[in-house]
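Work through the exercises below with the model open in your viewer. Each task is followed by a solution in steps.

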Amino acid sequence: MPQNLILSFFFHISVILIALVTLPFVAKKPIDIPPLVSVELIQITDKTNIPFAPKAKKIIEKVKKKKEKLVSDQAPPKKVKKEKSETIPLPDQEIEKIKKIETEKQNPILDDNKAKQVSEFEKKELFDPNNIAALIDKSKENFAETTAKKDEITQSQDQSMKLLGLTLSEEDALKAQIFGCWSIPLGLPYNDNLLVRIKLKLKPDGTVIKSEILDHARMNKPGQGFYKVLAESALRAIQICQPLRVPTTGYEKWKDLQLNFDAREMLEG
Amino acid sequence: MYKIKLISLLIVIFLTSNVHALIEVDITRGNLNPLPIAVSALHSDNETNDKFKKDIKIDNIGDKISSVIENNLRTTGLFNPLEKKAFLQKPDVAHLKPRFEDWSLIKAQALITGKVEFKDDKVRVEFRLWDVLAAREMLALAFTTVPNNWRRIGHIISDKIYERLTGEKGYFDTRIIYVSEKGPKTKRIKKLAIMDQDGFNTKYLTLGNELVLTPRFNPTNQMITYLSYFKNLPRVYLLDIETGIQEVVGDFAGMTFAPRFSPDGKKIIMSFAKDGNSDIYTMDLENRIVERITNHPSIDTSPSYSPNGKYITFNSDRSGYQQIYVMKSDGSNVKRVTFGNGLYGTPVWSPRGDLIAFTKLHKGKFYIGVMRTDGKGERLLTENYYQEAPSWSPNGRVLIFYRETKSNSEGEGFSATLWSIDLTGYNERQVITETDASDPSWSSLLNN
């Protein structure tokens, strides 16, 4: 019995020893790097303090002494940082402020340019229609009349996009579909008013519930045979094309749709 | 207070209307493909077919009339008549009530149905034009005539369909007068001939003893003016188509040529050449009074009136090269309208009044072209080794002209043919004639 206990004891001891030697997390445990961090901090303070005025020398010396002490005491790096922020930034911030004021006085135009570039960059980076208005507001606050003009355009675009309800790609898809379906009557004169406006009521899947020619009275007027022919060709195009390629969302916006068929561009060649 | 409420109500209405503004999409492009049209054979019962076969030796008259319509529509380039074999519905049923699903299945956008009946020695033809996609009737008409006029009925129906589907008058119920030619180039026999615009029903008006050139219809299509050589002297003649009576126009002591009627048919305008000088004259057909229109030591010829009769276009070499000019009908206010490279000739004013057709010779090639009446917007429609003498269809959409081919030194291998081209310049077709043909002139609509 005591033999078993002794064997068991040695076995467990050997297992523990093997584990201590071979397992990596156990081996890494004693390694520490705080001294390396403290060396880096010293280098930074040296550089930042080199160009400064003689008054700052005393402060720098004090700082050095304190740092030396800290290093010798092997203080944790966090504390060193805090001390640095307390001592060094004061002259640093002041000098930066002075510099800013000087440059503003000397080169105000350059400053404007910088600001413009920044705004354009921001526009490119954040090309989100919902944020356009916000960007414009910022630019209005900061910049001159030239940028204000651009802002007006983008504002109206933004507004029209909200009212229009169709994005450019959605509109293009619909146009491309109808282009293929519309056989323009070739006998039409190219110098007449050849615009036919048709109002559609659509189902969510793009099929036409109702189509209405907005200038219907013109169809039966004498001498308007061309208009009648064109209107009928437009209605045929809608019939052939349906269901129309409408967006999958926003039905409330496009359930009523107006198509303006204009043949002048094609007939004039 | 009431006003404030009203204004606020209006503002609310305005704002809400803005929010729900109707989405508009501009469609500025389409395809220029010909309209697919199904021309169903007109239904004719056995009795009618037997009568036609017995009287005028024509089988299946309904099918024949529909073929005339189909051919007319095809030659316009604006329609694509579908293959009859693809039709799912028979003519008798289709005429009563078309199954639009069957016709839209074969991609037809328009459908023509009809029926032919023989009653009291006369033929009655009715037809209907259907909008297949809208599933409704667009046009329905009936005609009664003598059986021999069956081709004309086909042309009149074609005109009605064309007008309904394009918005402009047709040009199928018309005739073309031309110079029929036979033999080698050195010994050419030339006769005046008249035919339907599709090349059928050709009749010869002269025997070919004298050379004939440049025949032109008068506005009522009953008279023809043309140039003929009598005793080796070219003279302008008048010919009544119905009676066959012909007469010399005016007693000119020299050569007269290039005649044409005025739009009201009361005058003939032509060139008169004497001592190497050629000027433009008119002659009143009622009182035979001759009036000199141009007076210039150059060659002025090929005059043509504008449709309203207020202006005349002609070609002249007064600038040193043959160019086209426009003047008032009294000869005043002469303006040169062509300034391009090459020689311009045979100007003809469009029946619509907006264009002038012409022949152009440039770098050894002949072109048929059109331009606006001020000379701007020149468009050359077709180019060839030799072609000239354009003549407008009555609706001002198509031009007919003639082409000649090269011949060898003995005059062999030569040919002259009639061609038509529309204003787009894409729809060029040969007009089939019994013989070689030149100098075509298009009549106005017979059924006007």
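Domain bounds here come from an automatic or database domain assignment. The model is predicted.

**Exercise 1. Domains of chain B**

Task: State which domains chain B has, and describe how domain 1 of chain B touches domain 2 of chain B.

Solution. 
- Step 1. Take the bounds. In chain B, domain 1 covers 35-166 and domain 2 covers 175-442.
- Step 2. Count the contacts. Domain 1 of chain B brings 5 residues, which meet 8 residues of domain 2 of chain B.
- Step 3. Find the main contributor. Helix H3 (residues 61-76) of chain B gives 3 residues, the largest share of the domain 1 side.
- Step 4. Sort by residue class. That side of domain 1 of chain B has no nonpolar residues, 4 polar and 1 charged.

**Exercise 2. Helix H3 of chain B**

Task: Compare the span of H3(B) with the expected one, then list its buried residues.

Solution. 
- Step 1. Get the length. H3(B) has 16 residues.
- Step 2. Compare spans. From first to last C-alpha, H3(B) reaches 24 Å, close to the 22 Å expected at 1.5 Å a residue.
- Step 3. Apply the burial cut-off: 20 or more other C-beta atoms within 10 Å. The buried residues of H3(B) are B:Ile61, B:Gly62, B:Ile65, B:Ser66, B:Val68, B:Ile69, B:Glu70, B:Asn72, B:Leu73 and B:Thr76.
- Step 4. Check what follows. After H3(B) comes B:Gly77, with a positive phi near 80°.

**Exercise 3. An open sheet in chain B**

Task: Give the strand order of the sheet formed by 4 strands, and explain why one side of E10 and of E31 in chain B has no neighbour.

Solution. 
- Step 1. Recall the bonding. Sheet strands pair through backbone hydrogen bonds, either parallel or antiparallel.
- Step 2. Write the order. In chain B it runs E10-E9-E8-E31, with antiparallel pairing, and the sheet is open.
- Step 3. Look at the edges. Strand E10 (203-204) and strand E31 (436-442) of chain B each have a single partner strand, so one side of each lacks a neighbour in the sheet.
- Step 4. Inspect one pair. Strand E8 (residues 175-182) and strand E9 (residues 189-196) of chain B pair antiparallel over 8 bridges.
- Step 5. Pick a bridge. B:Arg175 has B:Asp196 in E9(B) as its bridge partner.

**Exercise 4. Where chain B meets chain A**

Task: Describe the side of chain B that touches chain A.

Solution. 
- Step 1. Count. Contacts join 26 residues of chain B to 37 residues of chain A.
- Step 2. Assign elements. Strand E1 (23-27) and helix H6 (150-166) of chain B each supply at least two residues of the chain B side. E1(B) has the largest share, 5 residues.
- Step 3. Classify. The chain B side has 11 nonpolar, 9 polar and 6 charged residues.
- Step 4. Check strand pairing. E1(B) pairs with strand E3 (residues 256-262) of chain A in the parallel sense over 5 bridges. B:Val25 in E1(B) stands opposite A:Leu259.

**Exercise 5. A loop glycine**

Task: Locate B:Gly309 and decide whether B:Gly309 is buried, partly exposed or exposed.

Solution. 
- Step 1. Locate. B:Gly309 lies in the loop between strand E19 (300-305) and strand E20 (311-316) of chain B.
- Step 2. Decide. B:Gly309 has 13 other C-beta atoms within 10 Å, so B:Gly309 is partly exposed.
- Step 3. List contacts. Beyond neighbours within four places in sequence, B:Gly309 contacts B:Ser262, B:Pro263, B:Asp264 and B:Ser329.

Definitions and conventions:
Residues numbered from 1 in each chain as written. Chains lettered and ligands numbered in written order. Predicted model: local features only at pLDDT ≥ 70, side-chain atom pairs only at ≥ 80, totals over all residues. Contact = placed C-beta atoms within 7 Å. Nonpolar A, V, L, I, M, F, W, Y, C, P; charged D, E, K, R; others polar. Buried ≥ 20, exposed ≤ 12 C-beta atoms within 10 Å, placed from the backbone. Pairing = 2+ DSSP bridges. Expected span 1.5 Å × (residues − 1).
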